[in-house]
Amino acid sequence: MPLTNELRDDILASVPSLRAFAISLSGNGDRADDLVQETLLRAIANIDSFQPGSNLPAWLFTILRNLFRSDYRKRRREVEDAEGNYAKTLKSQPSQAAHLEFEEFRAALEKLPQDQREALILVGASGFSYEDAAAICGCAVGTIKSRVNRARSKLSALLYVDSAEDFGPDNTVRAVIGGNGG
Amino acid sequence: MKEVKKQGGLNAEIQSRIGHQLRAMYDDVVRQGVPDRFAELIRKLDGPEAAAAAVAGGDTDKNNGGD
């Protein structure tokens, strides 16, 4: 469809979540914004192929995800450099304890295989249905479900089993994990 | 805690905590809104041709001339 002002506004409205998705995928704020810019350019260049009335965010996420994957193959070696960059993208710095917990979570997320990480983010954070997430990733709905489950169970193992001892002051969670509330 | 192992399915409370952290991380970025560079980019592009030229050239400023 033509690039109407309404469509421009809709595309712009998707930018915040596109950035969040890009940062979650790449772990690097600068690279994420380059990805978003490239996504916007390609989306507008190919706007004629967008079906009016279909899911615009899903269409944009698909473009970004495909760009990330082709980019990722080229720059695999640079990915390890991302430590700490995520925090720099935040405007308000969280408290020290929250920051530590946040860093642990981010580090655990980066340990997931890419397929699992993107599935978990799309369903668990972006709020897409399993069906939309499957369309974005170009795979079956059952595949997305199993990737999300594996991602959750791996995160759980990384964050709450191996290091349950030093994880936050949440006694309820610790009691549940340890089986004894004190 | 060495003896503590995941037994069968995931605990619902742990799942909910993971979901909460995931969304907190994501929403921190969403709340930053639309950076100016993207608002300007969308405003500048007249249509698909301008965007395609920018993709090909890799530089939006140089390829979107003729104000």
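**Helix packing within chain A and against chain B**

Helix H1(A) passes H1(B) in a right-handed crossing; a crossing is right-handed if the near helix is turned clockwise from the far one by less than a right angle, and left-handed if anticlockwise. The model is predicted, so local features need pLDDT of at least 70 and side-chain atom pairs count only at pLDDT 80 or more, whereas totals for chains, interfaces and linings use all residues. Residues are numbered from 1 along each chain as its sequence is written, with chains lettered from A and ligands numbered from 1 in the order in which they are written. Helices (H or I, at least four residues) are DSSP runs numbered from the N terminus.

The axes of H1(A) and H1(B) lie 8 Å apart, at an angle of about 130 degrees. Axes are lines fitted to C-alpha atoms, for helices over the stretch in contact, and angles run from 0 to 180 degrees between N-to-C directions. H1(A) is therefore oblique to H1(B); angles under 35 degrees count as roughly parallel, over 145 as roughly antiparallel, 65 to 115 as roughly perpendicular and the rest as oblique. From H1(A), Pro16(A), Ser17(A), Arg19(A), Ala20(A), Ile23(A) and Ser24(A) meet Tyr26(B), Val29(B) and Val30(B) of H1(B). This contact has six nonpolar, two polar and one charged residues (Ala, Val, Leu, Ile, Met, Phe, Trp, Tyr, Cys and Pro count as nonpolar, Asp, Glu, Lys and Arg as charged, and the others, Gly among them, as polar).

Taking the two chains whole, 34 residues of chain B are in contact with 42 residues of chain A, contact meaning that C-beta atoms, placed from the backbone, lie within 7 Å. On the chain B side, helices H1 (12-30), H2 (36-44) and H3 (48-57) each supply at least two residues, and H1(B) gives the most, with 14 residues. That side divides into 21 nonpolar, seven polar and six charged residues.

Chain A itself is divided into domain 1 (1-93) and domain 2 (94-182), with bounds from an automatic or database domain assignment. Between them, 13 residues of domain 1 are in contact with 13 residues of domain 2. Helices H1 (5-26), H3 (56-74) and H4 (85-88) of chain A each give two or more residues to the domain 1 side, which divides into six nonpolar, six polar and one charged.

Elsewhere in chain A, the axes of H6 (residues 114-124) and H8 (residues 141-161) come within 8 Å and cross at roughly 100 degrees, and are therefore roughly perpendicular. Their contact includes Leu120(A) and Val123(A) of H6(A) and Ile144(A) and Arg147(A) of H8(A). By class it has six nonpolar, one polar and six charged residues.
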